[in-house]
Amino acid sequence: MSQKILVVDDEESIRLLYQEELEDEGYHVKTAASAEEALEIVPDFHPDLVIMDIKMPGMSGVEALIKIKEMDRNIPVILCSAYGEYKQDFSTWASDAYVVKSANLNELKKHIRTILDPETAS
Ligand SMILES: [Mg+2]
């Protein structure tokens with residue numbers, strides 16, 4: 001069974017890009033356009049990993065991260081934001097990784113492998 005990833009981003013182009021690239025890697029991907037939608041999907045979909053945009057209309061990704069961890073603290077969450085948008089040190093937050101958005105998903109994929117397949121990641 002392929003591992004399940006929930007991609008949360010208010011930008012459709014990013015949702016489509018991540019979905020396509022991560023499906024190519026063999027993951028089962030679902031997308032949500034808002035934090036609110038993501039919180040409805042999580043209990044049914046039981047994602048192995050969530051990729052969460054920080055800046056979205058309505059509830060922020062950081063708020064949604066906290067709520068997801070309240071539902072199930074074992075679900076890893078990777079926070080994403082545009083370059084320069086956030087200067088805080090996210091290592092001190094509850095997120096499992098923090099990635100600056102890029103058209104090149106290599107860094108994101110590396111974090112995903114490290115979290116989901118620690119033995120094979122290099
Ligand atoms: Mg956004």
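## Strand 4 and its neighbours

Strand 4 (77-81) and strand 5 (97-100) run parallel and are joined by four bridges. Two strands count as paired if DSSP finds at least two bridges between them. Helices (H or I, at least four residues) and strands (E, at least two) are DSSP runs, numbered from the N terminus. In this pairing, S81 stands opposite V100 of strand 5. The model is predicted: local features need pLDDT of at least 70, side-chain atom pairs count only at pLDDT 80 or more, and totals for chains, interfaces and linings use all residues. Residues are numbered from 1 along each chain as its sequence is written.

Strand 4 also pairs with strand 3 (49-53), in the parallel sense and over four bridges. V50 has V77 of strand 4 as its bridge partner, and D53 has C80. Strand 3, helix 3 (residues 61-71) and strand 4 make a right-handed β-α-β unit; right-handed means that, with the strands pointing away from the viewer, the path from the first strand over the helix to the second runs clockwise. Four of the five residues of strand 4 are buried, where buried means 20 or more other C-beta atoms within 10 Å of a residue's own, exposed means 12 or fewer, and partly exposed lies in between, with C-beta atoms placed from the backbone.

Five strands form an open sheet with parallel pairing, in the order 2-1-3-4-5. Strand 2 (28-32) and strand 5 are the edge strands, each pairing on one side only. From one strand to the next, the twist averages 20 degrees. Axes here are lines fitted to C-alpha atoms, for helices over the stretch in contact, and angles run from 0 to 180 degrees between N-to-C directions.

Helix 1 packs on the sheet and touches strand 1 (4-8), strand 2 and strand 3. The direction of helix 1 makes about 170 degrees with that of strand 2. Helix 4 also packs on the sheet, touching strand 3, strand 4 and strand 5, and its direction makes about 165 degrees with that of strand 5. Two residues are in contact if their C-beta atoms, placed from the backbone, lie within 7 Å.

In helix 4 (residues 106-116), the buried residues are L108, H111 and I112. Down the helix axis these residues fall within an arc of 100 degrees, so they line one face of helix 4; the arc is that of the directions from the helix axis to the C-beta atoms. Their cover includes strand 3, strand 4 and strand 5.

A97 is found in strand 5 and counts as buried because it has 20 C-beta neighbours inside 10 Å. Leaving aside neighbours within four places in sequence, A97 is in contact with I78, H111 and I115. A97 and I78 are 19 residues apart along the chain, and their C-alpha atoms are separated by 4.8 Å.

## E21

E21 lies in helix 1 (residues 12-24). With 16 C-beta neighbours inside 10 Å, E21 counts as partly exposed. E21 and L105 are 84 residues apart in sequence and 8.0 Å apart in space, C-alpha to C-alpha.

## The whole chain

The chain has four helices and five strands, which run β-α-β-α-β-α-β-β-α from the N terminus on. The radius of gyration is 13 Å, close to the 14 Å that the globule rule gives for 122 residues, so the chain is as compact as a globular protein of that length. This radius is taken over C-alpha atoms, and the rule is 2.2 Å times the number of residues to the power 0.38.

Of the 122 residues, 30% count as buried. Among contacts between residues at least 6 apart in sequence, 58% join residues at least 24 apart.
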